[in-house]
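Please open the structure in your viewer and keep the selection tool at hand. The tour goes from one selection to the next.

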Amino acid sequence: MLKTAMNEWALKAIQLETALMALDEAGLPTNMKALQDKAEQSMRDLVKGWQAQKPKADERKWKVEEKAGGTPRDEELAEVTSHLKEEGMEWTVYLATSDKGDTVETVVSEDRAWMTAGGEYYLGQWDEDDKVVDVGRDDEEGELGTGLVFSLTGELVFESELGD
């Protein structure tokens, strides 16, 4: 993950909302209802407080190149493409470079994606419409994913699940 103020903020926002949802779904006995309600309200206040700390959007300028059947620069992603080639599958390589020297590389084959960003690797479901990687998600295997969704520029995509 790229080390940006927005990514750091979004990761914590995702973690806080996940904790709130887990508390809501804990299934505690009735005699704990009042304490659970109090804890949920405190968590909601914490989540709202964190959301108010949202930094301004990153101002990097990105160039994204797309090459069908391309060779990734990253060695591990190049290995992925060699396996895809052996299996007779097609792929596309996306290379995003910023004006600050950051690079994010993504290999996409059908609905799967492999990404390297900030020295870390991610595998997940590819959303062709939004051009995002949903980390850990695999619809065919029934895997819901981690909750982390990255754009081609390595930015976390965060949309609050809280309705209020």
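Predicted model: local features only at pLDDT ≥ 70, side-chain atom pairs only at ≥ 80, totals over all residues.

**Strand S6.** Select residues 132-135, which make up strand S6. Val132 and Asp134 point one way from the strand, while Val133 and Val135 point the other way. Are these residues buried or exposed? All of them are buried.

**Strand S5.** Next, look at the hairpin of S5 and S6, where four residues lie between the strands. Lysine 131 in this hairpin has a positive phi near 55°.

**Strand S9.** Now select residues 149-151, strand S9. S9 is also antiparallel to S6, with three bridges joining the two. Here serine 151 of S9 stands opposite valine 132.

**A negative patch.** Switch to a surface view and select Glu90, Glu110, Glu140, Glu141 and Glu143, which form a negative surface patch. Glutamate 90 is found in the loop between helix H3 (75-86) and strand S2 (92-98). Its relative accessibility is 72%, so glutamate 90 counts as exposed, the cut-off being over 50%.

**A nonpolar patch.** Finally, select Leu28, Met32 and Leu35. Together they form a nonpolar patch on the surface with about 260 Å² of accessible area. Methionine 32 sits in the loop between helix H1 (5-24) and helix H2 (33-51). With a relative accessible area of 31%, methionine 32 is partly exposed.

How values were computed
Residues numbered from 1 in each chain as written. Heavy atoms only, no water. Patch = residues over 30% accessible without salt bridge, like charges linked within 9 Å, V, L, I, M, F, W, Y side chains within 5 Å. Areas by Shrake-Rupley, 256 points an atom, 1.4 Å probe, with all protein chains shown as cover. Salt bridge = Lys/Arg side-chain N within 4 Å of Asp/Glu carboxyl O. Lys, Arg positive; Asp, Glu negative; His and termini not counted. Charge placed at Lys NZ, Arg CZ, Asp CG, Glu CD. Buried < 20%, exposed > 50% of the residue type's maximum accessible area, 1.4 Å probe, protein only. Pairing = 2+ DSSP bridges.
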